[in-house]
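The structure comes first, and the notes follow.

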Amino acid sequence: MKNNWKAFKGKNFSTSQGKQEKKDNLKGKIENIRKELSQINCFSEISLRKITNPYDGWANSLASYFKSRFKITQLRKLFNEIKKTTKQAETDLERAKQNLWRIYPIIAYAEARKLIPSDFAQILNEIIRKVDECEDSAKQRESFKRLEDFATALYAYFKKYDKGG
């Protein structure tokens, strides 16, 4: 077997270059998430696979991109409120919508205090809006379920990348 060193000789493979490429790739994925959100009416239109996929899913991409920009404890507060709200949607959709509206100020407070980045807050607000404004009640129930799946996956992937925050 020939030495493969010749293939790499003279090429610049710095780790910072690789990190920048990864960051740019993730930034592109975040922009794609925003674009897709703008094109749907209900959050249930986004497949579970697209949200939870460990390689290129929304939750993993968001966690990887924002992992160093805030502490997981901030996400835990949102996660708890989302879980409570999605559980409520199983029995009382109108009450669940009212609970959903309580999440907006939680996000706003965390953003104002710089506990979460603005671009992350915007994505969360848009996702919640896609659950809130879904006009078909069956699709809205499914959107609540999808929101729960998203929050669970997002928290899990943030925990994967958490460095003790």
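## A charge over a ring

In this predicted model, the charged end of Arg76 sits over the ring of Tyr155. The distance to the ring centre is 5.0 Å.

## Aromatic pairs

A pair of aromatic rings is described by the distance of the centres and the angle of the planes. Across the whole structure, a search finds 8 aromatic pairs.

One of them joins Phe43 and Trp58. Their centres are 6.3 Å apart, with 50 degrees between the planes, and the pair is tilted. Phe43 lies in the loop between helix H2 (15-38) and helix H3 (48-52), and Trp58 lies in helix H4 (residues 58-66), so the pair ties together parts 15 residues apart in sequence. Phe43 and Trp58 are buried.

Phe66 and Phe120 also pair. Their ring centres are 5.1 Å apart and their planes stand at 65 degrees, so this pair is edge-to-face. Phe66 is in helix H4 and Phe120 in helix H8 (residues 118-132), so the pair ties together parts that are 54 residues apart in sequence. Both residues, Phe66 and Phe120, are buried. Ring pairs also link Phe66 and Phe120 into a cluster with Tyr65, Phe70 and Phe158.

## Helices H6 and H7

How do the axes of H6 and H7 cross? Helix H6 (residues 93-101) and helix H7 (residues 103-112) have axes that come within 4 Å and cross at roughly 10 degrees. The two helices are therefore roughly parallel to each other.

In the contact, Asn99, Leu100 and Trp101 of H6 meet Ile103, Tyr104 and Pro105 of H7. These residues divide into 5 nonpolar, 1 polar and no charged.

How values were computed: Residues numbered from 1 in each chain as written. Predicted model: local features only at pLDDT ≥ 70, side-chain atom pairs only at ≥ 80, totals over all residues. Heavy atoms only, no water. Axes fitted to C-alpha atoms, helices over the stretch in contact; angles between N-to-C directions. Parallel < 35°, antiparallel > 145°, perpendicular 65-115°, else oblique. Contact = heavy atoms within 4.5 Å. Nonpolar A, V, L, I, M, F, W, Y, C, P; charged D, E, K, R; others polar. Phe/Tyr/Trp six-rings, centres within 6.5 Å; stacked < 30°, edge-to-face > 60°. Buried < 20%, exposed > 50% of the residue type's maximum accessible area, 1.4 Å probe, protein only. Lys NZ or Arg CZ within 6 Å of the ring centre and 35° of its normal.
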